[in-house]
Amino acid sequence: MKTTNKFSLTFPSYSTNEFFARAAVAAFITQLDPTLEELNDIKTAVSEAVTNAIVHAYKDSIGTIYITAELMDDHLIRVRIRDKGCGIEDVEQAMQPLFTTVGGERAGLGFAVMESFTDRVKVRSTPGKGTVVTLFKRLNVRVKAHAGS
């Protein structure tokens, strides 16, 4: 698949930047004319991925979060959220619904939410080096009516 457009964004892992990240990705993908539901799906998945990086990767510190969003041919969107935080010991376990390392108010549903709002979620992580979450979402192609038709 070929990339038709992309952007990159870096920001500190302050919780207030989660909204900024989701808004930036949403604004970027609007050029593909997504439905409101598709737009909200991407925003929700990005929010979860960024929140995971803020809460888990940089538990007791502020680090950098890196986002790359790509528009691919065939209306595929690929969004990578990367951190250089603590990493995940067991990715398979971490992706299980209700699993959390933090407890308290955290429900452990971040990856499950990402999976339910995208077509595919890919997670790579190295303990002590960080995590990359890649979200894939294919938009439905809508045919626009022509004036006078």
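User: Which residue in β2 does Ser-8 stand opposite?

Analyst: This is a predicted model. β1 spans residues 3–12, and Ser-8 has its opposite residue in β2. That residue is Thr-68.

User: How many bridges join β1 to β2?

Analyst: β1 and β2 run antiparallel. Strands of a sheet pair through backbone hydrogen bonds, either parallel or antiparallel. The number of bridges that join β1 to β2 is nine.

User: In what order do the five strands of the open sheet lie?

Analyst: The chain has four helices and five strands, and its elements run β-α-α-β-β-α-α-β-β from the N terminus on. Within the open sheet the pairing is antiparallel. The order of the strands is β1-β2-β3-β5-β4.

User: Which strands stand at the edges of this sheet?

Analyst: A strand at the edge has a single partner, so one of its sides is left without a neighbour in the sheet. Neighbouring strands of the sheet are turned by 10° against each other on average, direction ignored. The strands at the edges are β1 and β4.

User: Which residue in β5 is the bridge partner of Arg-120?

Analyst: β4 and β5 run antiparallel and are joined by seven bridges. Arg-120 has its bridge partner in β5. The partner is Phe-136.

User: Which residue in β3 stands opposite Ile-67?

Analyst: Eight bridges join β2 to β3, and these strands run antiparallel. Ile-67 has its opposite residue in β3. That residue is Ile-81.

User: Which residue takes a positive phi in the hairpin of β2 and β3?

Analyst: The hairpin has three residues between the strands. Most residues other than glycine have a negative phi, and most peptide bonds are trans.

User: Is Asp-74 buried or exposed?

Analyst: Asp-74 is placed in the loop between β2 and β3. Its relative accessible area is 53%, and the cut-off for this class is over 50%. Asp-74 is therefore exposed.

User: What is the relative accessible area of Asp-33?

Analyst: Asp-33 is in the loop between α1 and α2. Its phi is near 55°, a positive value in a residue other than glycine. Asp-33 counts as partly exposed, with a relative accessible area of 33%.

User: At what angle do α1 and α2 pack?

Analyst: α1 passes α2 in a right-handed crossing. The contact includes Val-25 and Ile-29 of α1 as well as Ile-42 and Val-46 of α2. By class, the contact has nine nonpolar, two polar and three charged residues. The axes are 9 Å apart, and the angle is about 145°.

User: Which strands does α2 lie across?

Analyst: α1 packs on the sheet and touches β1, β2 and β3. α2 runs at about 10° to β3. The strands that α2 lies across are β1, β2, β3 and β5.

User: Is Ile-42 buried or exposed?

Analyst: Ile-42 lies in helix α2. Leaving out residues up to four places away in sequence, Ile-42 touches Val-25, Ile-29, Ile-77 and Lys-137. Its relative accessibility is 4%, and buried means under 20%. Ile-42 therefore counts as buried.

User: What is the distance between the C-alpha atoms of Ile-42 and Ile-29?

Analyst: Ile-29 is among the residues that Ile-42 touches. Along the chain, Ile-42 and Ile-29 are 13 residues apart. Their C-alpha atoms are separated by 9.1 Å.

User: Which element gives the most residues to the largest nonpolar core?

Analyst: The core has 34 residues, and Val-50, Ile-65, Ile-67, Val-79 and Leu-135 touch the most other members. Elements that give two or more residues include β1, α1 and β5. With nine residues, the element that gives the most is α2.

Methods. Residues are numbered from 1 along each chain as its sequence is written. This is a predicted model: local features need pLDDT of at least 70, side-chain atom pairs count only at pLDDT 80 or more; totals for chains, interfaces and linings use all residues. Side-chain values use heavy atoms; hydrogens and water are left out. A nonpolar core is a set of buried Ala, Val, Leu, Ile, Met, Phe, Trp, Tyr and Cys residues joined through side-chain atoms within 4.5 Å. Buried means under 20% relative accessible area, exposed over 50%, partly exposed in between (1.4 Å probe, protein chains only). Two strands pair if DSSP finds at least two bridges between them. Axes are lines fitted to C-alpha atoms, for helices over the stretch in contact, and angles run from 0 to 180 degrees between N-to-C directions. Contact means heavy atoms within 4.5 Å. A crossing is left-handed if the near helix is turned anticlockwise from the far one by less than a right angle, and right-handed if clockwise. Ala, Val, Leu, Ile, Met, Phe, Trp, Tyr, Cys and Pro count as nonpolar, Asp, Glu, Lys and Arg as charged, and the others, Gly among them, as polar.
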